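User: I would like to go through this protein and ask what stands behind each label. Please set the values against the cut-offs.

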Amino acid sequence: DIIRATSLPSLNELADLMAKNPKWGLKLAGHTDNSGDDAKNMMLSNLRASAVKKYMTGRGASGDKITVEYYGETRPIADNATPEGRQKNRRVEMTIIFE
(Lines give C-alpha, C1' and ligand atoms only; values in the text may rest on other atoms or scores of the structure.)
Protein backbone atom coordinates (compact mmCIF):
# COMPACT_ATOMS: atom_id res chain seq x y z
CA ASP A 1 0.00 0.00 0.00
CA ILE A 2 2.98 2.31 -0.57
CA ILE A 3 2.65 4.76 -3.44
CA ARG A 4 5.70 4.75 -5.71
CA ALA A 5 7.46 8.03 -6.33
CA THR A 6 7.04 7.51 -10.08
CA SER A 7 3.24 7.66 -9.59
CA LEU A 8 3.23 10.98 -7.74
CA PRO A 9 3.30 13.36 -10.74
CA SER A 10 0.24 11.66 -12.27
CA LEU A 11 -1.58 11.55 -8.94
CA ASN A 12 -0.78 15.22 -8.32
CA GLU A 13 -2.19 16.16 -11.71
CA LEU A 14 -5.35 14.12 -11.13
CA ALA A 15 -5.81 15.55 -7.61
CA ASP A 16 -5.49 19.08 -9.00
CA LEU A 17 -8.11 18.30 -11.65
CA MET A 18 -10.44 16.85 -9.04
CA ALA A 19 -10.01 19.90 -6.81
CA LYS A 20 -10.79 22.23 -9.73
CA ASN A 21 -13.85 20.19 -10.75
CA PRO A 22 -15.73 19.50 -7.51
CA LYS A 23 -18.65 17.84 -9.31
CA TRP A 24 -16.43 15.07 -10.63
CA GLY A 25 -16.20 11.77 -8.80
CA LEU A 26 -13.44 9.21 -8.72
CA LYS A 27 -13.65 5.44 -8.34
CA LEU A 28 -10.49 3.73 -7.09
CA ALA A 29 -10.24 -0.04 -7.55
CA GLY A 30 -7.43 -1.87 -5.76
CA HIS A 31 -5.96 -5.15 -7.06
CA THR A 32 -3.19 -7.61 -6.20
CA ASP A 33 -1.41 -10.52 -7.80
CA ASN A 34 -2.15 -14.07 -6.64
CA SER A 35 0.84 -14.39 -4.29
CA GLY A 36 -0.13 -15.18 -0.72
CA ASP A 37 -3.39 -15.68 1.12
CA ASP A 38 -6.68 -14.68 -0.56
CA ALA A 39 -7.96 -12.80 2.51
CA LYS A 40 -4.69 -10.89 2.93
CA ASN A 41 -4.73 -9.97 -0.77
CA MET A 42 -8.26 -8.63 -0.38
CA MET A 43 -7.11 -6.51 2.57
CA LEU A 44 -4.00 -5.34 0.66
CA SER A 45 -6.07 -4.27 -2.33
CA ASN A 46 -8.26 -2.21 0.02
CA LEU A 47 -5.17 -0.65 1.62
CA ARG A 48 -3.75 0.23 -1.82
CA ALA A 49 -6.89 1.99 -3.00
CA SER A 50 -7.36 3.68 0.38
CA ALA A 51 -3.76 4.97 0.30
CA VAL A 52 -4.47 6.64 -3.04
CA LYS A 53 -7.68 8.17 -1.66
CA LYS A 54 -5.80 9.53 1.36
CA TYR A 55 -3.12 10.99 -0.91
CA MET A 56 -5.71 12.58 -3.20
CA THR A 57 -7.65 14.16 -0.33
CA GLY A 58 -4.38 15.47 1.09
CA ARG A 59 -3.90 17.27 -2.22
CA GLY A 60 -7.35 18.91 -2.10
CA ALA A 61 -9.68 16.41 -3.78
CA SER A 62 -13.00 15.91 -2.01
CA GLY A 63 -13.10 12.63 -0.11
CA ASP A 64 -16.89 12.57 -0.47
CA LYS A 65 -16.47 12.18 -4.22
CA ILE A 66 -13.94 9.34 -4.06
CA THR A 67 -15.11 5.75 -3.67
CA VAL A 68 -12.87 2.80 -2.89
CA GLU A 69 -13.44 -0.69 -4.25
CA TYR A 70 -11.12 -3.65 -3.82
CA TYR A 71 -10.89 -6.98 -5.58
CA GLY A 72 -7.77 -8.71 -4.29
CA GLU A 73 -6.52 -11.17 -6.87
CA THR A 74 -9.92 -11.78 -8.51
CA ARG A 75 -9.45 -9.50 -11.56
CA PRO A 76 -6.00 -10.03 -13.07
CA ILE A 77 -5.06 -8.20 -16.25
CA ALA A 78 -1.92 -10.28 -16.86
CA ASP A 79 -0.61 -13.78 -16.28
CA ASN A 80 0.34 -14.37 -12.64
CA ALA A 81 2.80 -17.08 -13.74
CA THR A 82 5.48 -14.49 -14.58
CA PRO A 83 7.08 -11.71 -12.51
CA GLU A 84 6.06 -9.18 -15.15
CA GLY A 85 2.45 -10.35 -15.07
CA ARG A 86 2.29 -10.25 -11.28
CA GLN A 87 3.68 -6.71 -11.33
CA LYS A 88 0.93 -5.60 -13.74
CA ASN A 89 -1.71 -7.12 -11.49
CA ARG A 90 -0.55 -5.06 -8.48
CA ARG A 91 -2.37 -1.86 -9.24
CA VAL A 92 -5.02 0.74 -8.45
CA GLU A 93 -7.30 1.57 -11.35
CA MET A 94 -8.86 5.03 -11.42
CA THR A 95 -12.10 5.98 -13.15
CA ILE A 96 -13.26 9.60 -13.30
CA ILE A 97 -17.01 10.01 -13.02
CA PHE A 98 -18.14 13.16 -14.82
CA GLU A 99 -21.31 14.78 -13.45
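Analyst: The model is a predicted one. A place to begin is I96, which counts as partly exposed because its relative accessibility is 28%.

User: Why is I96 called partly exposed rather than buried or exposed?

Analyst: Buried means under 20% relative accessible area and exposed means over 50%, with partly exposed in between. I96 is at 28%, so it counts as partly exposed. The residue lies in strand β3, residues 91–97.

User: What does I96 contact, apart from its neighbours within four places in sequence?

Analyst: I96 is in contact with L14, W24, G25 and L26. Contact here means heavy atoms within 4.5 Å. As for A19, its C-alpha is 13 Å from that of I96, and the two are 77 residues apart in sequence.

User: Why is L14 called buried?

Analyst: The cut-off for buried is under 20%. L14 has a relative accessible area of 12%, so it is buried. L14 sits in helix α1, and it touches L26, M56, M94 and I96, not counting residues up to four places away in sequence. I2 is 12 residues from L14 in sequence, and the C-alpha atoms of the two are 18 Å apart.

User: How do you know that M42 is not buried?

Analyst: M42 has a relative accessible area of 29%, so it is partly exposed; buried would need a value under 20%. M42 is in helix α2. Leaving aside neighbours within four places in sequence, its contacts are Y70, Y71, G72 and T74. The C-alpha of E73, 31 residues away along the chain, is separated from that of M42 by 7.2 Å.

User: What is called the largest nonpolar core, and which of its residues touch the most other members?

Analyst: A nonpolar core is a set of buried residues of the nonpolar kinds, joined through side-chain atoms within 4.5 Å. The largest one has 13 residues, and M18, L26, L28, V52, M56 and I66 touch the most other members. Two or more residues come from each of α1 (8–20), β1 (25–31) and α2 (38–58). Helix α1 gives the most, with four residues.

User: What does M56 touch?

Analyst: Not counting residues up to four places away in sequence, M56 touches L11, L14, A15, M18, L26, A61 and I66.

User: How much of the protein is buried, and how much of the contacts comes from residues 24 or more positions apart?

Analyst: Buried residues make up 30% of the 99 residues. Among contacts with a separation of 6 or more, 72% are between residues 24 or more positions apart.

Conventions. Residues numbered from 1 in each chain as written. Predicted model: local features only at pLDDT ≥ 70, side-chain atom pairs only at ≥ 80, totals over all residues. Heavy atoms only, no water. Buried < 20%, exposed > 50% of the residue type's maximum accessible area, 1.4 Å probe, protein only.
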